[in-house]
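Subject: Structure for you to look at

Hi,

Here is the structure I promised to pass on. Have it open while you read, and my notes on what turned up follow below.

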Amino acid sequence: SLLTKKVLKAFGIRNTVKNQEVIDNIFSSLSYEMHEENGTLFAYNEGGPKAITKYRLNSPDCRRDAGDIPDIELELAIRDIVQKQVSIPKESLLDEVQKLFNFSKTNGEIRERVKIILDSKTIDGVGVDESGNYISR
């Protein structure tokens, strides 16, 4: 995970599988709620993922891989984009999410994750009209 990588780097420790497991075990023993999504462990304060109300964008100081972004942040970004656009086709929505998180168009992982979310989850405030466009409701 991104947090594990940053902790290891801060202490000058090599990023090996064993070192990652040690750090993950330390995080698990803390009082944070731990949730696994797509094979990645995410730590949350009280309330877990449901308490998240905003998404974090990639910055030069904190560049996240697609797998380092929890589903809840992608869902919030989707809702934000749809509310601003009012109506948007699925392909355009995928492009907008990629742009928002500063991923290149060749990054298929983020597109696949967003497609899975759109196809399998109901996002508060987002609906689909009769033409298949995503709309704000």
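**What I found**

Let's start with Gln98, which sits in helix α4 (helices here are DSSP runs of H or I with at least four residues, strands are runs of E with at least two, and both are numbered from the N terminus). Gln98 counts as buried because its relative accessibility is 2%; buried means under 20% relative accessible area, exposed means over 50%, and partly exposed is in between, with a 1.4 Å probe and protein chains only. Leaving out residues up to four places away in sequence, Gln98 touches Phe103, Ser104, Lys105, Asn107, Ile110 and Arg111, where contact means heavy atoms within 4.5 Å.

Before going on, a word on the source. This is a predicted model, in which local features need pLDDT of at least 70 and side-chain atom pairs count only at pLDDT 80 or more, while totals for chains, interfaces and linings use all residues. Residues are numbered from 1 along each chain as its sequence is written, and side-chain values use heavy atoms, with hydrogens and water left out.

**The overall layout**

The protein chain has five helices and five strands. Going along the sequence, they follow the pattern α-α-β-β-α-β-α-α-β-β. Of the 137 residues, 36% count as buried. The C-alpha atoms fill a box of roughly 50 × 35 × 20 Å, taken along the principal axes. If you take contacts between residues at least 6 apart in sequence, 50% of them join residues at least 24 apart.

Now look at α3 (residues 71-85) and α4 (residues 90-100), which pack at an angle of about 115 degrees with their axes 10 Å apart. (Axes are lines fitted to C-alpha atoms, for helices over the stretch in contact, and angles run from 0 to 180 degrees between N-to-C directions.) Which residues in α3 and α4 meet? From α3 there are Leu74, Ala77, Ile78, Ile81 and Val82, and from α4 there are Leu93, Glu96, Val97 and Leu100. By class, this contact has eight nonpolar residues, no polar ones and one charged. For the classes, Ala, Val, Leu, Ile, Met, Phe, Trp, Tyr, Cys and Pro are nonpolar, Asp, Glu, Lys and Arg are charged, and the others, Gly among them, are polar.

**The nonpolar core**

The largest nonpolar core has 25 residues, and Leu74, Ile78, Leu93, Val97, Phe101 and Leu118 touch the most other members. (Such a core is a set of buried Ala, Val, Leu, Ile, Met, Phe, Trp, Tyr and Cys residues joined through side-chain atoms within 4.5 Å.) At least two residues come from each of β2, α3, α4 and α5, and the largest share, seven residues, is from α3. In soluble globular proteins, nonpolar side chains tend to be buried together. Take Ile78: apart from its neighbours within four places in sequence, it is in contact with Leu93, Val97, Val114, Ile117, Leu118 and Ile123.

Glu75 is also in α3. Is Glu75 buried or exposed? Glu75 counts as buried, because its relative accessibility is 15%. With neighbours within four places set aside, Glu75 is in contact with Ile117, Lys121 and Ile123.

**The strands**

β1 (residues 33-37) and β2 (residues 40-44) pair in the antiparallel sense over five bridges; strands pair if DSSP finds at least two bridges between them. His35 has Phe42 in β2 as its bridge partner. The two strands form a hairpin with two residues between them, and Asn38 in the turn has a positive phi of about 55 degrees.

There is also an open sheet of three strands in the order β3-β5-β4, with antiparallel pairing. Its edge strands are β3 (87-88) and β4 (126-128), each pairing on one side only. β4 pairs with β5 (residues 134-136) over three bridges, and Gly127 stands opposite Ile135 in β5.

**Some loop residues**

Val86, in the loop between α3 and β3, has a positive phi near 70 degrees without being a glycine. Val86 counts as exposed because its relative accessible area is 55%. Asn102 lies in the loop between α4 and α5 (108-120), and its phi is positive too, about 60 degrees. Asn102 is partly exposed, with a relative accessible area of 45%.

Cheers
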